[in-house]
Amino acid sequence: MPPVLTAFATSPDRGQGLARDMRVRWALEELGVAYDVQLLSFAEMKQPAHLARNPFGQIPTWQEGERVLFESGAIVLHLAEQHPGLLPGDPDARMRAIMWVFAALSTVEPPIVERSMAWVLEREQPWYAQRLVILDERVHARLSQLSAALGDAPWLDGDFSAGDLMMVSVLLRLKSSGIVDAYPRLAAYVTRATQRPAYQRAFAAQLAVFQNG
Ligand code: GTB
């Protein structure tokens with residue numbers, strides 16, 4: 001039986017590929033790993049069967065035989081360790097690619113998520129405009145540092161890696177804001193990554209869930 005990824009039955013982003021199953025789908029496509037998808041409603045995500053997979057009642061989870069994982073970063077790294085294609089063979093380069101996965105998840109993603117959650121939960125508040133200025137500053141600080149680190153290279157460190165996959169996944173959450181466009185190197189980086197056939201296949205697969213739902 002193929003391994004199983006869980007995803008939203010009804011993604012709030014209406015198939016824009018912003019939910020975190022997308023980064024796992026992308027990794028699976030890059031690595032050529034076949035998989036099934038189990039779609040869950042919000043109610044099903046909080047039921048014991050899913051809480052046994054993820055105590056936080058969230059997607060994505062990954063089940064292959066007896067092995068059950070949650071956390072998109074852990075799942076992507078696990079897949080990249082198991083199959084060639086997303087982590088370099090050289091030990092130093094491999095560790096640096098893993099470092100970029102962590103940088104994406106723990107340094108770049110938090111201010112981006114904070115900004116988007118403020119829009120979801122606080123945009124009707126009288127102080128939202130002032131708060132947005134602060135949130136934007138934090139995002140811009142990270143993007144300008146990231147742009148400097150990328151420089152004119154196509155990818156963060158050598159060949160495309162799990163680090164790039166995760167970084168671009170995180171940057172895509174800013175798509176509707178237009179903020180990334182202020183950083184031409186990052187905008188080109190995102191375009192380069194999302195033109196990859198593996199990204200396109202993963203995007204189409206998650207969009208089909210919305211279109212057929
Ligand atoms: N740290 C975990 C990981 O990386 O796997 C976070 C997992 C997570 O946040 N899962 C979300 C979830 O299950 C879906 S991806 N939420 C339901 C819940 O907590 O009850 C986050 C997400 C949701 C929706 C959009 N969107 O609509 O744009 C974007 C991202």
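The model they are taken from is predicted.

Begin with Pro60, which sits in the loop between α3 (48–51) and β3 (61–64). The peptide bond that joins Ile59 to Pro60 is cis, and its omega is near 5°. Most peptide bonds are trans, and most residues other than glycine have a negative phi. Arg14 is found in the loop between β1 (4–8) and α1 (21–31).

The ligand is surrounded by 15 residues, and Ile59 is listed among the closest, together with Arg20, Lys46, Glu71 and Ser72. Ser72 places a polar side-chain atom 2.6 Å from an oxygen atom of the ligand. For Gln58, an N or O atom of the side chain is 2.9 Å from a ligand oxygen atom. Asp13 takes part through its backbone, where a polar atom is 3.2 Å from an oxygen atom of the ligand. On its own the ligand has 680 Å² of accessible area, and the protein covers 77% of that.

Turn now to a pair of helices. How do α5 and α7 lie relative to each other? The axes of α5 (residues 91–122) and α7 (residues 162–172) come within 7 Å and cross at roughly 10°. Angles under 35 degrees count as roughly parallel, and the two helices are therefore roughly parallel to each other. On the α5 side, the contact is made by Ala97, Trp100, Val101, Ala103, Ala104, Leu105, Val108, Glu109 and Ile112. On the α7 side, Ala162, Gly163, Met166, Met167, Val170 and Leu171 make the contact. Sorted by class, the contact of α5 with α7 has 13 nonpolar residues, 1 polar and 1 charged.

How values were computed. Residues are numbered from 1 along each chain as its sequence is written. This is a predicted model: local features need pLDDT of at least 70, side-chain atom pairs count only at pLDDT 80 or more; totals for chains, interfaces and linings use all residues. Side-chain values use heavy atoms; hydrogens and water are left out. Axes are lines fitted to C-alpha atoms, for helices over the stretch in contact, and angles run from 0 to 180 degrees between N-to-C directions. Helices (H or I, at least four residues) and strands (E, at least two) are DSSP runs, numbered from the N terminus. Angles under 35 degrees count as roughly parallel, over 145 as roughly antiparallel, 65 to 115 as roughly perpendicular and the rest as oblique. Contact means heavy atoms within 4.5 Å. Ala, Val, Leu, Ile, Met, Phe, Trp, Tyr, Cys and Pro count as nonpolar, Asp, Glu, Lys and Arg as charged, and the others, Gly among them, as polar. A residue is near a molecule or strand if one of its heavy atoms lies within 4 Å of it. A polar contact is a pair of N or O atoms within 3.5 Å; within protein, one must be able to donate a hydrogen and the other to accept it, and residues adjacent in sequence count only if both atoms are side-chain atoms. Accessible areas come from the Shrake-Rupley method with a 1.4 Å probe; for residues, only the protein chains shown count as cover.
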